[in-house]
Amino acid sequence: MPLRHTISGAVVTGLAILATAAAQSPSYTPGKSKPAPSAEAPKRPKARVVRLTLHPAAAPTPALEYQLLPELRDLKPGNAALLYQRAQNVEWWVPYVRRGHLENMGDLLDMPLREMPRAKVELLWEALREMDLAARREYCDWEMTPRLRDEGYALLVPDVHQFRNFGQMLAMRARLDLLDGRLDDAVAHLQTGFALSRHLNEGPTVVNALVSMAVGHMMVDQVEDLVQLDKAPNLYWALADLPRPFVNLRRPLQGEKVTVAGLFPEIRAALKDPNHPPIAVQTINSYLKNLHYVNRNVTLGDLRLMFAMTSARAFPSAKKYLLDKGFTVERIAAMPVTQVSLMYSLAKFDEIYDETYKWHNLPYWQARPGIIKARQQFFEQRKEQADAMFLPSFLMPALDNVVFGRARLERRLAMLQMVEAVRLQAAADGRLPQRLEDIRDVPVPTDPITGKAFEYTWSDGQAVLYAPPPEGEPASDRSAVRYELRLANGNKN
Amino acid sequence: MPARREKDLSDLEKLLAALPPRPTTLDRDHLLFRAGQASMRRSWIWPFVAVTMSAATGCLAMFLFLRPAPEPIVQIVQVQVPAPAPPVTPEPGPATQPPAPLHAYGTPSAMSYWQIQQQALLFGVENLPSPVTQSDGEPERRAPRTPDMSTGARPKMVEQFSPFLFGVP
């Protein structure tokens, strides 16, 4: 037993060290390495730096001639999920992956557009066709919620993160369009990518939301390349037309609650009904087995032992909680101690989860203080009542980071819209705007993370658009973004 | 001359008439059977089949009579035992059927949603194993390139599991 504990502890500690080291690593960029290293400007605050060379462009007529999501008139009846699953055909993907094309794709996407060796690009055209059709279906139903309800955390979802490969494939096809100057095709193909991102968001899991964001970032990377091309259409109104927030977290975050509820159905029913009969011990044991199945960091025997100990220690506070909720002393006495403890711990999980979840739909700059406070309270409660908090400790996902991930995508979309506003105004004025107020023809978007206007400066023919980190957070390539904008003709006015 | 001939014939007739009829040794039916038999090719197929079938029948008959007595069929019937009634007033409800074990839905090597969620939150979705690269059903466990803490990593792994691993909050 001590040896197992030592080994398990070492593994978890190793993971924590790895995670901590990674958190401090500045080298990560979500889409590609195109942004210049910020080390060149040591005096500036650390940020992800993106240098764009722009061509002025007025808004097209009609304004939404180019769109980044398929329009309603292009949609056909049917469920997109069926076609996405068709596109997963192993007959196409397995040979493709075995030849190393997929691994190459990631490296090729990381290259600057003009330096990418086009001859090395291989695409799965059959799969792309299915994706194009899927993106233009009226709805997308992954039919995962009932499965999640029944199977909970044990549900196998090998398909969800595979869709990230779809995103790479779609991004690469758009890149080829850009290289060949087929701008109309590029925009149409980007529509498929953005639609895939939205459709993935229909799934009821956090992983769905994360993959949705990842695909969204890939498409935004291509839009950054697109707007630098000569004769690139102005996408200000196309970006303004995208749904906001682009990734809706309501369903994925609620799906996590469905998953947890699926682990202890009787316990939740007992919580809601003070007259619910006591739950049999073997039923509670089966819940423990389920808990062990989803997390094998500890053995089932150890888990049982720890569960019994924590249940005994948590019983007094659990009993008090149930009495406050209207349960009678007799009812509580009739319940197994483990049931009382589980009921209390599940109630605490609901409470802690909702304390974070309730903020998700507010603008990030409004939600952030509340989310931080909720997380601090969670940590404090874990210190004060470690035994009663074992379920939240076991199962609570890091919702704050998921919400921040969504805000980062929102910020990139807003900054691109800002870039397009600059191009639009430059087309009218013949030069880059020198101040934010000089952008008069269209409204300038605010920073979704800070809730304030982006910082905009101009000097020596270069405009700088800066999005600072959230208040109280150090600047890093994830928390801050700096766009350096120049006109292609070298006009320094 | 004619008279002499007539006389010779008459003698011959007398001689012939003097011959006594003798029973023949030639069996007409047997002759015809032998003729038919000779016209056919001799084949050992039917005798062989007959002998083989007889032997097989004999063997099966032996097995039938010499086989051991059949094992008694044991049928296990699970009966739910109600939870023991506590001594206090509320009557416990009947024990509920335990839910199907979660592991019934997947093989130990397949990554459950929980595992995928953990990896995605810790290392980012770009470091999740790609199912199509699996050739033998074993999940590909590629070393993560660079963890993405921004997309939902759980920075407090030790804290989360410490109550279970080390007994401290």
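A cavity is here a set of points, on a 1 Å grid over the protein atoms alone, where a 1.4 Å probe fits but cannot get out; lining residues have an atom within 4 Å of a point. Grid points are joined across faces, edges and corners, and a volume is the space filled by probe spheres set on the points. The structure is a predicted model, in which local features need pLDDT of at least 70 and side-chain atom pairs count only at pLDDT 80 or more, while totals for chains, interfaces and linings use all residues. Residues are numbered from 1 along each chain as its sequence is written, and chains are lettered from A in the order in which they are written.

Three cavities of 30 Å³ or more are found in a search of the whole structure. The largest cavity holds about 70 Å³ of space. It is lined by 10 residues, of which A:Arg48, A:Arg408, A:Arg412, A:Arg478 and A:Val481 are the closest to its centre. Helix α19 (residues 399-429) of chain A gives the largest share of this lining, three residues; helices are DSSP runs (H or I, at least four residues) numbered from the N terminus. The lining of the largest cavity comprises six charged, three nonpolar and one polar residues (Asp, Glu, Lys and Arg count as charged; Ala, Val, Leu, Ile, Met, Phe, Trp, Tyr, Cys and Pro as nonpolar; the others, Gly among them, as polar).

The second largest cavity holds about 50 Å³ of space. Its lining consists of A:Ile352, A:Thr356, A:Ala374, A:Arg375, A:Phe378, A:Met396, A:Pro397, A:Leu399 and A:Asp400. Two or more of these residues come from each of α16 (337-357), α17 (364-384) and α19 of chain A, with the largest share, three residues, from α17(A). By class, six residues of this lining are nonpolar, two charged and one polar.

Technical notes. Side-chain values use heavy atoms; hydrogens and water are left out. On a 1 Å grid over the protein atoms alone, a cavity is a set of points where a 1.4 Å probe fits but cannot get out, and a pocket is an open set with protein on both sides within 12 Å along at least five of seven lines; lining residues have an atom within 4 Å of a point.
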